[in-house]
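Hi everyone, thanks for coming.

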Amino acid sequence: MPSAQICVWHVYPEPVLLQRRAAQGIERLAAEAISARGAFRVVLAGGNTPRAVYERLRGIKTAWPAWHIYFGDERCLPSGHAERNSTMASQAWLDHVDIPATQIHAIPAELGAEEAARQYASAIESVEIFDLVLLGLGQDGHTASLFPGQDYGSERHQPAVLAVHQAPKPPADRVSLSAWRLGAASRVWFLVTGADKALAVRKWRGGEGIPAAAIKPADGVDVWVDIAALA
Ligand code: 6PG
């Protein structure tokens, strides 16, 4: 029988408080990981809610050289394109802090979905468990680039990185960590704000098999949500 997703909901009255608390939480997790293991391995999401949190991370006190940055998904667009998740993360945060460039592992999605997925699978091979995976939630319940009706790669025998085609949200070609690989993490935090997410949140809480429900780390996922998205 497939395992159920353990889901802890953290509800905030408005997005700014959620963003502040999420950034503080990431600062705390980084400090714990760096003091325990000398490194903090975090997977980033695209999207507006994550971006607001990234902007806050510029100002935290942390040992940036111990951070290792990965991405949960990327859009197949030229390197540096304004619509790429890695471009957003760089502009909002990574360009402003001292993480060594060799420790920022962008998905080479400019090579096309298949080749990028192949290369990224080897780039993440040495990381058994991420310290933190950040994810957003789309209006249709998608997360990373795992879309309803497509194969999320929920089983461990499936590839860790998927070449995605015909995505309903442009661009159609993307690369995504699979559901099981996103769940291979000490913590998985979804960052979800805004009334346009309410339908997806209702489906999720109602037990519908949206892609976000397929991420099942052993200790469960935390969903940081504002009241508007819960309405
Ligand atoms: C992407 C993102 C995607 C995103 C959600 C939420 O490439 O489109 O990775 O999974 O996180 O769509 O985005 P918003 O917070 O902007 O709604």
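The 3-stranded sheet here is open, with antiparallel pairing and the order 4-7-6; strands are DSSP runs of E with at least two residues, numbered from the N terminus, and two of them pair if DSSP finds at least two bridges between them. At its edges are strand 4 (73-75) and strand 6 (161-164), each pairing on one side only. From one strand to the next, the twist averages 15°.

This is a predicted model, where local features need pLDDT of at least 70, side-chain atom pairs count only at pLDDT 80 or more, and totals for chains, interfaces and linings use all residues. Residues are numbered from 1 along each chain as its sequence is written, and side-chain values use heavy atoms, leaving out hydrogens and water.

Back to strand 4: it pairs with strand 7 (residues 174-177) over 3 bridges, in the antiparallel sense. There, Arg75 stands opposite Arg174 of strand 7.

Now, the other open sheet has 6 strands, paired in parallel, in the order 1-9-8-5-2-3. Which strands stand at its edges? They are strand 1 (7-12) and strand 3 (67-71); each has a single partner strand, so one side of each is left without a neighbour in the sheet. Inside this sheet, strand 2 (residues 40-44) and strand 5 (residues 130-135) run parallel, joined by 2 bridges, and Val42 has Leu132 in strand 5 as its bridge partner.

Finally, how many disulfides are there? The structure holds 0, counting a disulfide as a pair of cysteine sulfur atoms within 2.5 Å.

Methods
Helix = DSSP H or I, 4+ residues; strand = E, 2+ residues; numbered from the N terminus. Axes fitted to C-alpha atoms, helices over the stretch in contact; angles between N-to-C directions.
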